[in-house]
Amino acid sequence: MLENKVTAGSDMIQYVTVVIGGQLFGLPISQVHDVFVPESVTRVPLSAPEVAGVLNLRGRIVTAINMRRRLHLPPLEEGQMMAVGIEYKHESYGLVIDTVGEVLTLPASSAEPNPSNLDKRWAEISGGVHRLDGRLMVILDVSRLLGAMFTEPMVAA
């Protein structure tokens, strides 16, 4: 059971951490519905390249987004894929990632804007960063991630 400990005067945010291509990302826990292993993904013809397909997750149709493809990274060689279930504009999505980490509780005040030298692929989907003991955690902004994908006109390849 997750507890949200908030001390007077300081707002804390809980993040589910995920790793994509060696980079640590954080998703606000309020946006995460499930963590699951994607099985039997059905390819959707003429869909965007980063759409891995659709799958059935406990009776819901979920669009699987391959985050490595979305970030223009090479595919994983081996290993079991993991996915994080989120909802955006009343639709369910599964973000297919490399690994799921722990839940971190961080003060909202420690979030910083994107550094100017942040990889532009990450900056496009980032809502800021947290500096953690020599490591940078990029905050995934779901509306920037999915909004850009589904508002741009589709071009036939």
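**Notebook: salt bridges, sheets and a pocket**

I began with the charged side chains and found Asp34, Arg58 and Arg60 linked in a network of salt bridges. I count a salt bridge when a side-chain nitrogen of Lys or Arg lies within 4 Å of a carboxyl oxygen of Asp or Glu. The model is predicted, so I note its limits: local features need pLDDT of at least 70, and side-chain atom pairs count only at pLDDT 80 or more, while totals for chains, interfaces and linings use all residues. Residues are numbered from 1 along each chain as its sequence is written, and side-chain values use heavy atoms, with hydrogens and water left out.

**Entry 1: the chain as a whole**

I looked up the secondary structure and found three helices and 10 strands. Helices (H or I, at least four residues) and strands (E, at least two) are DSSP runs, numbered from the N terminus. Along the sequence I read the pattern β-β-β-β-β-α-β-β-β-α-β-β-α. Of the 157 residues of the chain, 42% count as buried. For these words I use relative accessible area: buried is under 20%, exposed is over 50%, and partly exposed is in between (1.4 Å probe, protein chains only).

**Entry 2: salt bridges**

I counted six salt bridges by the rule above. Which residue does aspartate 34 meet with N and O atoms 2.2 Å apart? That partner is arginine 58, and 2.2 Å is the distance between the closest N and O atoms. Aspartate 34 sits in strand 3 (residues 32–36) and arginine 58 in the loop between strand 4 (51–57) and strand 5 (60–66), so I have a link between distant parts of the chain, 24 residues apart. I checked accessibility as well: aspartate 34 is buried at 12%, whereas arginine 58 is exposed at 62%.

Aspartate 34 also forms a salt bridge with arginine 60, where the closest N and O atoms are 3.3 Å apart. Since aspartate 34 lies in strand 3 and arginine 60 in strand 5, this pair ties together parts that are 26 residues apart in sequence. Arginine 60 counts as partly exposed, with 36% relative accessibility.

I then looked up glutamate 124, whose side chain meets that of arginine 70 in a salt bridge (3.8 Å, N to O). This pair links distant parts of the chain, 54 residues apart: glutamate 124 is in the loop between helix 2 (120–123) and strand 9, and arginine 70 is in helix 1. Glutamate 124 is partly exposed at 41%, but arginine 70 is buried at 9%.

Strands of a sheet pair through backbone hydrogen bonds, either parallel or antiparallel. I take two strands as paired if DSSP finds at least two bridges between them. Strand 4 and strand 5 pair in the antiparallel sense over six bridges. I found glycine 53 opposite alanine 64 in strand 5.

**Entry 3**

In which sense do strand 2 (residues 23–28) and strand 10 (residues 135–140) pair? They pair in the parallel sense, over three bridges. Glycine 26 stands opposite isoleucine 139 in strand 10.

I also checked leucine 132, which lies in strand 9 and is buried at 18%. The C-alpha atoms of leucine 132 and leucine 106 are separated by 9.7 Å, and the two residues are 26 residues apart along the chain.

**Entry 4: the second largest pocket**

On a 1 Å grid over the protein atoms alone, a pocket is an open set of points where a 1.4 Å probe fits, with protein on both sides within 12 Å along at least five of seven lines; lining residues have an atom within 4 Å of a point. The second largest pocket has a volume of about 160 Å³. Grid points are joined across faces, edges and corners, and the volume is the space filled by probe spheres set on the points. Among its lining residues I noted Asn66, Arg68, Pro74, Met81 and Asp98. Helix 1 (67–70) and strand 7 (91–97) each supply at least two residues of the lining.
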